[in-house]
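Me: I am new to this one. Could we go through it together, starting with the overall picture and then a few residues?

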Amino acid sequence: MHPPEDAKPALDMLRSLGGDEMLAMMMQTFIQFAEERMAKLVEESEHGRISEVAGIAHSLKSSARQLGANALGDACAITETAGRADDAVAAQAGVKDIQREYAAAKPWLDALAKGTA
């Protein structure tokens with residue numbers, strides 16, 4: 001699985017800093033972080049803790065964008081904004097969008113983490 005075109009500038013920049021090995025290590029770290037954060041995001045959403053949802057979305061947003069997962073970063077930004085505005089309905093819908101975008105990005109993130117993309 002190959003990364004989307006809009007991910008290439010971020011990935012090229014990261015490769016220029018540390019090569020494929022560093023990129024793979026960063027992807028492995030991000031996937032572990034994202035898996036933990038996704039579980040917490042769902043838990044907080046289910047319990048109606050919208051300010052926590054906003055905080056988790058914020059932390060995922062920055063990391064996702066740095067690694068070129070722009071659609072995931074965008075979903076996180078929208079969810080963060082909704083959470084900060086205390087809009088529970090929009091924030092909870094945003095959690096579903098984040099889950100969908102993460103699932104879409106996971107195959108190419110995994111491939112980069114394994115050095116096969």
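Predicted model: local features only at pLDDT ≥ 70, side-chain atom pairs only at ≥ 80, totals over all residues.

Me: Which element has the lowest mean pLDDT, and which the highest?
Reply: Helix α1, covering residues 8–46, has the lowest mean at 94, while helix α3, residues 70–84, has the highest at 98.

Me: How many helices and strands are there in the protein?
Reply: The protein has four helices and zero strands. Read from the N terminus, the order of elements is α-α-α-α.

Me: What about the radius of gyration: what would a compact globule have, and what does the protein have?
Reply: For 117 residues, a compact globule would have a radius of gyration near 13 Å, and the protein has 14 Å, so the two agree. The C-alpha trace spans about 40 × 20 × 20 Å along its principal axes.

Me: And how much of the protein counts as buried?
Reply: Of the 117 residues, 40% count as buried. The protein exposes about 6100 Å², and carbon and sulfur atoms supply 54% of that area.

Me: What share of the contacts comes from residues 24 or more positions apart?
Reply: Among contacts with a separation of 6 or more, such residues account for 66%.

Me: Changing topic to charge: how many positive and negative side chains are there?
Reply: There are 12 positive and 18 negative side chains, and the centres of the two sets lie 1 Å apart.

Me: Now some residues. Where is E44, and is E44 buried or exposed?
Reply: E44 is in helix α1. Its relative accessibility is 4%, so E44 counts as buried.

Me: What does E44 touch?
Reply: Not counting residues up to four places away in sequence, E44 touches R49, E52, V53 and I56.

Me: And S45, buried or exposed?
Reply: S45 also has its place in helix α1, and S45 counts as buried because its relative accessibility is 9%. Leaving aside neighbours within four places in sequence, S45 is in contact with V53, Q92 and V95.

Me: Staying in helix α1, how accessible is M22?
Reply: M22 is partly exposed, with a relative accessible area of 25%. When residues up to four places away in sequence are not counted, M22 touches L14 and L17.

Me: How far apart are M22 and A113?
Reply: They are 91 residues apart in sequence, while their C-alpha atoms are 9.5 Å apart in space.

Me: On to the loops. Where does A69 lie?
Reply: A69 lies in the loop between α2 (50–66) and α3. At 3% relative accessibility, A69 counts as buried.

Me: Which residues is A69 in contact with?
Reply: Leaving aside neighbours within four places in sequence, A69 is in contact with A64 and W108. A69 and W108 are 39 residues apart along the chain, and their C-alpha atoms are separated by 9.6 Å.

Me: Is D86 buried or exposed?
Reply: D86 counts as exposed, because its relative accessibility is 60%.

Notes. Residues numbered from 1 in each chain as written. Heavy atoms only, no water. Helix = DSSP H or I, 4+ residues; strand = E, 2+ residues; numbered from the N terminus. Rg over C-alpha atoms; globule rule 2.2 N^0.38 Å. Buried < 20%, exposed > 50% of the residue type's maximum accessible area, 1.4 Å probe, protein only. Contact = heavy atoms within 4.5 Å. Areas by Shrake-Rupley, 256 points an atom, 1.4 Å probe, with all protein chains shown as cover. Lys, Arg positive; Asp, Glu negative; His and termini not counted. Charge placed at Lys NZ, Arg CZ, Asp CG, Glu CD. pLDDT = per-residue confidence, 0-100.
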